[in-house]
Amino acid sequence: MTSNDPLLQPYQLRHLTLKNRIMSTSHEPAYSEDGMPKERYRLYHVEKAKGGMALTMTAGSAIVSRDSPAAFGNLHAYDDAIVPWTAELAEACHEHDCKVMIQLTHLGRRTGWNKADWLPVLSASPVREAAHRTFPKTAEDWDLDRIVADYASAAQRMQAAGLDGIEFEAYGHLLDGFWSPVTNHRDDDYGGSLDNRLRFTWRVIDAVRAAVGPDFLVGIRMVADEDMDKGLSKQEGVEIARRLASSGKFDFLNIIRGHIDTDAALTGVIPIHGMPSSPHLDFAGEVRAATKFPVFHAARISDVATARHAIAAGKLDMVGMTRAHIADPHITRKVMAGEEHRIRPCVGATYCLDRIYEGGGALCIHNAATGREATIPHVISRTDGPLRNVAVVGAGAAGLEAARVLAERGHKVTVLEASSQAGGQVRLAAQNPRRRELIGIVDWRLAELERLGVEIRYDIWAGADDVLALDPDAVVIATGGLPQNPPLDAGDDLVTSSWDIIAGSVKPAENVLLYDDNGGHQGMTAAELIGKAGAKLELVTPERLFAPEIGGMNHVPYMEAFHRNGVKITINTRLQSVRREGNQLVATLSSDYAKGWSEERRVDQVVVEHGTLPLDDLYVELKPLSKNGGAIDYERLIHGGDIFPDKNPAGRFLLLRIGDAVQARNIHAAIYDGIRFGLRI
């Protein structure tokens, strides 16, 4: 059936027909093994192909030279071994009529010398990159000669693998390191005028074209405005785009605006929640109008309406919804089926990218199947086993996900929730206005449970009798946890929980000390709200790395709030005790490093964050009545088989607990518990 939806119209890129206008731009999920796109990498991209997108861009970026060591799981495009792995990925995506390209780069200064082969990192000039703490050497003539050759041979490998094209990376890497006045201070033929600063780029594309011929598609993801003092200006950036477009050597431009050499700058290019959506879409449209050339773009285009507008208004030819597809790889399929309302929303948490930049693989905060396609399905199938009556106690993230999965499998599910609203700690986190999009995690699941006919009974503080009255075959305890105080020598009754501050049940005092030895969003959110309330605040932590559970991109808005509101940060310091003197509190601080050292702070309020303690009374009460005594066979959970050992033949039901009812963790862990256990009942 023909559709009038702009997103579903085909696009002709020279000889290549793209079946619609939706793509996933190049990014590195850090799923590689030995620098190769093996099974996990392949299945991740194939799932998006199954989901109906027209083009998936792999790698972010694949490295062409050994002196460009992987900074975050990059693929090794310089190694011949990559060809069969990439060919397997391309063939699997092509089966779903999804085209495949790869991004190639030399990282330049955006990596570290103490990785891989410990070769010197280089750039156009020896200008340090703060994000990777690199002092690069100046690229010499012989460096440029070999890197040009490396680009050409890498392109040949990708052509041999049967890919549909490649794109160069030119924002924050070596190629545009020559473009920018900030990073190019050369006085030779590669510095000074724009002609000279583009010389290396022309050498690379000419060598690549000589290697792969005129018909293999080659594009470039390029910065067209660094949006920084003394950086590449919009005027020069658009002029570069014009020159590349008119050269006859490139087939498309993928437009970026901003710079990425610090965490704060990176969030300007790739905004997180609380920041503007699609901030550079209009700019990309300006470049398209100026060049009259195929333009791709992605920067927090997370909803279908914005993507549709981008195409309908002629701003883009292909629209990248990259993080949105990490949250839901089946966006296009749902659009085609008239089920846009069922798209799992990207809530902008950017847990995915923070994990990559902190050295882990990309994981979506609320889609635990992403990156786990080999073991966790994105589309839940009906069970071929017995249908069960399941009671889920708790409607937080873990309980809602378990209920969703169990209902999709055909089980009858009843949810008991103590409060008058679902969401648990997710709803609490969303009390921060900047993070209110997190409520999408809850709202999407509530909509799915309504579709599936799941009953949620609110305002029930469930006891054993409430559960047994449902005559369940299985009981899932997802009761979460309650905030706990850190161990103190004295003053346990004088401190205020971070939860009370976030929920608004306790107002910040005039002079506050916040002690956080958890290092996650909870303490930081409380600190942000206290600071914005106008209080004088000192944030004290025993950690040597500030807020270690929060990645660099999410760190940015917290630090902005702290600096704007005068929040003082003290690390490597422990809260020992609290006592009352008059109408104030005296907090005694101590050191793990200097025994006997102490200082005191006289404040109006002491707020503490020490994670949660499982709310497990109901679980303990039900254990002797269950078949498995609450036990789980972890080996079978991981490798397959019945996960519930038969410990009590007289037991009435299977029993398990998930999420923070087990231990203090995070939203993703709760969601993962919900789906992987839900699949095994």
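Helices (H or I, at least four residues) and strands (E, at least two) are DSSP runs here, numbered from the N terminus. With that in hand, the chain comes to 23 helices and 27 strands. Its radius of gyration, taken over C-alpha atoms, is 27 Å, close to the 26 Å that the globule rule gives for 681 residues, so the chain is as compact as a globular protein of that length. That rule is 2.2 Å times the number of residues to the power 0.38. Please keep in mind that this is a predicted model, in which local features need pLDDT of at least 70 and side-chain atom pairs count only at pLDDT 80 or more, while totals for chains, interfaces and linings use all residues. Residues are numbered from 1 along each chain as its sequence is written, and side-chain values use heavy atoms, with hydrogens and water left out.

Let us look at the whole chain before its parts. Along its principal axes, the C-alpha trace spans about 75 × 65 × 45 Å. Buried residues (under 20% relative accessible area, with exposed meaning over 50% and partly exposed in between, for a 1.4 Å probe and protein chains only) make up 60% of the 681 residues. The accessible surface, from the Shrake-Rupley method with a 1.4 Å probe, comes to about 26,500 Å², and 48% of it belongs to carbon and sulfur atoms. Among contacts (heavy atoms within 4.5 Å) with a separation of 6 or more, 71% are between residues 24 or more positions apart.

Now find the barrel. Eight strands close into it in the order E3-E4-E5-E8-E9-E10-E11-E12, and the pairing is parallel; two strands pair if DSSP finds at least two bridges between them. Neighbouring strands of this sheet are turned by 25° against each other on average, direction ignored. Such angles run from 0 to 180 degrees between N-to-C directions, with axes as lines fitted to C-alpha atoms, for helices over the stretch in contact. Helix H2 (residues 82-94) touches E4 (55-63) and E5, and its direction makes about 145° with that of E5. Helix H7 (residues 234-246) touches E9 and E10 (252-256), its direction making about 175° with that of E9.

Phe168 takes part in both pairings: Leu104 has Phe168 as its bridge partner, and Ile220 in E9 stands opposite Phe168.

Helix H6 (residues 199-212) comes next. An α-helix has 3.6 residues a turn, so residues three or four places apart point the same way. The buried residues of H6 include Phe200, Val204, Ala207 and Val208. Their cover includes helices H3 (141-160), H4 (174-179) and H7, together with E8 and E9. The end C-alpha atoms of H6 are 20 Å apart, which agrees with the 20 Å that its 14 residues should span at 1.5 Å a residue; the expected span is 1.5 Å times one less than the number of residues. Just after H6, Gly213 takes a positive phi of about 85°.

A second sheet is open, with five strands in the order E15-E14-E13-E16-E27 and parallel pairing. E15 (455-457) and E27 (654-657) stand at the edges, each with a single partner strand, so one side of each is left without a neighbour in the sheet. The twist averages 15° from one strand to the next. Inside the order, four bridges join E13 (residues 389-393) to E16 (residues 474-477) in parallel, with Ala474 as the partner of Val390.

The peptide bond from Gly60 to Ser61 is cis, with omega near 10°, and Ser61 lies in strand E4. Asp471 has a positive phi of about 50° although it is not a glycine; Asp471 is in the loop between H17 (464-468) and E16, and is exposed, with a relative accessible area of 55%. Ala547 also has a positive phi, near 50°, and sits in the loop between E20 (536-540) and H20 (552-564). Ala547 is buried, with a relative accessible area of 3%.
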